[in-house]
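Let's take a walk through this protein together.

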Amino acid sequence: MQEFLSCKIPLMTTKASFLDFDFSKVTPVSLSSPCACPSRPSSCKPLPLPRFSLRLNPLHLAFHGPKGLLRINKGSGSLRRRIVAVAHAAPDRLDGNESEEEVEGGQKLSFQEDPISEQQHKKNQLTKRIVFGLGIGITVGIVVLAGGWVFTVAVAACIFVGAREYFELVRSHGITAGMTPPPRYVSRICSVICALMPILSLYFGQLDVAITFSSFILAITLLLQRGSPRFAQLSSAIFGLFYCGYLPCFWVKLRCGLAVPAVNTKIGAAWPFLLGGRAHWTVGLVATLISMSSIIAADTYAFLGGKAFGKTPLTNISPKKTWEGTIIGLGGCIATSVILSKILCWPTSVISAIAFGFLNFLGSVFGDLTESMIKRDAGVKDSGSLIPGHGGLLDRVDSYIFSGALAYSFVKTFLPLYGV
């Protein structure tokens, strides 16, 4: 390397996490040429290169584009006061993942980009997805078996987090560009109201008065706010109350409200007395286990089927979903429902088990598409980053939002004697 540029940038002069150098706008300076600094005499000697300790882990160098834009991460602990960047004046000669060699004190240093490839990154994400998915599945299974206040409080906590993520999506730039979001204090009030709904559902059994009173309070709060209230604020807040609060409460009504004993379930006879005995296995518990397992099977089979055979897009809302994957997911959902109905001896009719699986799949698909539509308008990929490898909580529970209401209505209304 014959020509290069030496720059000293104090770290205390900027608050940015990266320092950018555009080498297309500077003139290369040779070390053997006289110093061009106006504050030094023309007989200045060549600039010596100071020795410094360079750690490649915290210090990342990357060239962007043919103009040679050097980006330096200033998070290095060994360079507290200043970074001495020595860069080639012609970065367009770089080839592959390895940059030009730098000269420091007569030694050659070779800088490389991050060795983790995109394929390795996807593999790590898949590993996180599987590990955290199994952990969540085991935890949810324990909570469902516990029932009662344990299940209700867990649902309330999920509703509160999901409501916060929903209102963050409503306040995102993609949606606010076309509407006025509700004030932040209104979204917080609505999140608290949504979280209280499962507890009211467990205590009173019905939510007619609760949802009406909550909507009235929310509307009054929006109408009395400072400034000019907008219809978009009211519509997004009321939909959040219905989507994040009212619909998930049907899982509490399904698990805790249907307390009819599942007398045909053989596993109940061997259930420990200290954990509730045979009376612990109710129609609500069996229906909840079958419904959630069917939804998990639908998502899994649809994902695998879409990866293997997917060609025809299902809808523009979610381009990655295909008709092939949807059909395979439907088959997996119904098969899981029928198999579990044989194991748990509920419902006693195969036709009822098939219809139950179909309704679970229908609620799963439309719940997923509804959340995808919200995220698409918001211009984001995930609703949050709460769960590593999965995104936000809404990304994981979107398939369950409508399914609980459909499952409860089917068992309560269409199954004679609750399917026993």
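**A walk from the inside out**

Let's start with E371, which counts as buried because its relative accessible area is 1%, under the 20% cut-off. Keep in mind that we are looking at a predicted model. You'll find E371 in helix α10, which covers residues 350-378. Which residues is E371 in contact with, once its neighbours within four places in sequence are left aside? They are Y243, S383, L394, D395 and D398.

Now step back to the whole chain. It is built with twelve helices and seven strands, and 39% of its 420 residues count as buried. If you take the contacts with a separation of 6 or more, 68% of them are between residues 24 or more positions apart.

Next comes the nonpolar interior. In soluble globular proteins, nonpolar side chains tend to be buried together. Here the largest nonpolar core has 56 residues, and the members that touch the most others are F151, Y166, L241, W346, F356 and V411. Helix α2, running over residues 148-170, gives the most to this core, with eight residues. Both domain 1 (160-257) and domain 2 (260-419) take part, each giving at least three residues to the core.

Setting aside its neighbours within four places in sequence, you can trace its contacts to V283, V286, A287, I290, L340 and S341, among others. Its list of contacts also includes F356 and V411, and both of these are, like W346, among the core members that touch the most others. L415, Y418, G419 and V420 are in contact with W346 as well. There is also a second, separate core of five residues, with A298, C333, F361 and V365 among them.

What about empty space? Rolling a probe the size of a water molecule over the atoms shows where empty space is left. A search of the whole structure turns up two cavities of 30 Å³ or more. The second largest cavity holds about 40 Å³ of space, and its lining is made up of R164, F167, E168, R184, S187, R188 and S191. Two elements, α2 and α4 (184-204), each give two or more residues to that lining, with α4 providing the largest share, four residues. What kinds of residues line the second largest cavity? Four are charged, two are polar and one is nonpolar.

How values were computed:
Residues are numbered from 1 along each chain as its sequence is written. This is a predicted model: local features need pLDDT of at least 70, side-chain atom pairs count only at pLDDT 80 or more; totals for chains, interfaces and linings use all residues. Side-chain values use heavy atoms; hydrogens and water are left out. A nonpolar core is a set of buried Ala, Val, Leu, Ile, Met, Phe, Trp, Tyr and Cys residues joined through side-chain atoms within 4.5 Å. Buried means under 20% relative accessible area, exposed over 50%, partly exposed in between (1.4 Å probe, protein chains only). Domain bounds come from an automatic or database domain assignment. Contact means heavy atoms within 4.5 Å. On a 1 Å grid over the protein atoms alone, a cavity is a set of points where a 1.4 Å probe fits but cannot get out, and a pocket is an open set with protein on both sides within 12 Å along at least five of seven lines; lining residues have an atom within 4 Å of a point. Grid points are joined across faces, edges and corners, and a volume is the space filled by probe spheres set on the points. Ala, Val, Leu, Ile, Met, Phe, Trp, Tyr, Cys and Pro count as nonpolar, Asp, Glu, Lys and Arg as charged, and the others, Gly among them, as polar.
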